[in-house]
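Let's take a walk through a protein together. Keep the picture open beside the text and look up each spot as we get to it.

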Amino acid sequence: RWRFGVILGVCLALALGSFYIVQLMSVAEMEMLSDAHKGEPDYIVENFSAVRMTPEGRPRYIVSGARMAHIPVNDSSLVERPTVQSFAPDKPPLVITARNAQLDHVNNTVDLIGNVDVRRAGSATVKPLTIETEALTILADEDQMQTASPVVMTSGASVVHGTGMTANNATRKIQIQKPRFVLPEQ
């Protein structure tokens, strides 16, 4: 009787051991398959618009585009034909368009790429402003923009070319590195 009990115990241990190994292999296979798809979007939105509000309940900025794909591995979004509209009290709105953008949701930044066009309407106190460049980073929380790319800025009849720019939308101060001024024709 005791021999039968030992044989049954060994068979039971082998069966449980093989079941455990199969479970480990299954978990490893699932992890491997999930790693293969980490860089793929988990959702895609066509013709979207997202509004960021101020603590007072007014729109701070609106991001819209033709298509947005969210990448979960780094919590970012890729946007086709983005438009960013920034609003501030008692100041003309700022509208920025580009070919593509990458939204970093963790750091709250927007990297615009390709044919970046910044436009601010004029008012009684400020001239209309346009800025053209190939790449621009918007630091949304700081209300700032920056680029290391070549820039063309037009304010009224004045045109400035440069390589690199930092702009503070809150203070309305723009600093262009390596500026070249183009005088208006008389």
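This is a predicted model: local features need pLDDT of at least 70, side-chain atom pairs count only at pLDDT 80 or more; totals for chains, interfaces and linings use all residues.

Start with helix 1, which covers residues 2–36. Have a look at Trp2, Val6, Val10 and Leu14: they form a nonpolar patch on the surface, and together they have about 460 Å² of accessible area. Val6 is part of that patch and sits in helix 1. Its relative accessibility is 47%, so Val6 counts as partly exposed.

Now move along to the loop between helix 1 and strand 1 (43–53), where you'll find Glu40. Glu40 is partly exposed because its relative accessible area is 41%, which falls between the limits of 20% and 50%. Leaving out residues up to four places away in sequence, Glu40 touches His70, Ile71 and Pro72.

Next come the salt bridges, and the structure holds 5 of them. In one, the side chains of Glu46 and Arg67 meet, with 3.5 Å from N to O. This pair links distant parts of the chain, since Glu46 is in strand 1 and Arg67 is in strand 2, 21 residues apart. Glu46 counts as partly exposed at 48% relative accessibility, and Arg67 counts as partly exposed at 27%.

Two other pairs deserve a visit. Arg58 forms a salt bridge with Glu56, and their closest N and O atoms are 3.7 Å apart. Here Arg58 is partly exposed at 45%, while Glu56 is exposed at 57%. Arg119 forms a salt bridge with Asp117, with 2.8 Å between the closest N and O atoms. Is Asp117 buried or exposed? Its relative accessible area is 15%, under the 20% limit, so Asp117 is buried. Arg119, at 42%, is partly exposed.

Arg119 also turns up in the surroundings of Thr130. Not counting residues up to four places away in sequence, Thr130 touches Val118, Arg119, Val152, Met153 and Thr154. Thr130 itself lies in strand 8 (residues 129–139), and its relative accessibility of 17% is why it counts as buried.

Let's check the backbone as well. Arg81 has a positive phi of about 50° although it is not a glycine. You'll find Arg81 in the loop between strand 3 (76–80) and strand 4, and it is exposed at 57%. Asn108 has a positive phi too, near 55°, and is also not a glycine. Asn108 is in the loop between strand 6 (100–104) and strand 7 (109–120), but it is buried, with a relative accessible area of 16%.

The largest pocket holds about 350 Å³ of space. It is lined by 24 residues, and Arg60, Ser86, Phe87, Asp143 and Asn169 lie nearest its centre. Among the elements that give two or more residues to this lining are strand 2 (59–71) and strand 9 (144–155).

The largest cavity has a volume of about 70 Å³. Its lining includes Leu94, Arg120, Met145 and Asn169, and strand 10 (158–168) and strand 11 (173–176) each supply at least two residues of it.

Key. Residues are numbered from 1 along each chain as its sequence is written. Side-chain values use heavy atoms; hydrogens and water are left out. Patches are made of residues with over 30% relative accessible area and no salt bridge: like charges are joined within 9 Å, nonpolar side chains (Val, Leu, Ile, Met, Phe, Trp, Tyr) within 5 Å. Accessible areas come from the Shrake-Rupley method with a 1.4 Å probe; for residues, only the protein chains shown count as cover. A salt bridge is a side-chain nitrogen of Lys or Arg within 4 Å of a carboxyl oxygen of Asp or Glu. Helices (H or I, at least four residues) and strands (E, at least two) are DSSP runs, numbered from the N terminus. Buried means under 20% relative accessible area, exposed over 50%, partly exposed in between (1.4 Å probe, protein chains only). Contact means heavy atoms within 4.5 Å. On a 1 Å grid over the protein atoms alone, a cavity is a set of points where a 1.4 Å probe fits but cannot get out, and a pocket is an open set with protein on both sides within 12 Å along at least five of seven lines; lining residues have an atom within 4 Å of a point. Grid points are joined across faces, edges and corners, and a volume is the space filled by probe spheres set on the points.
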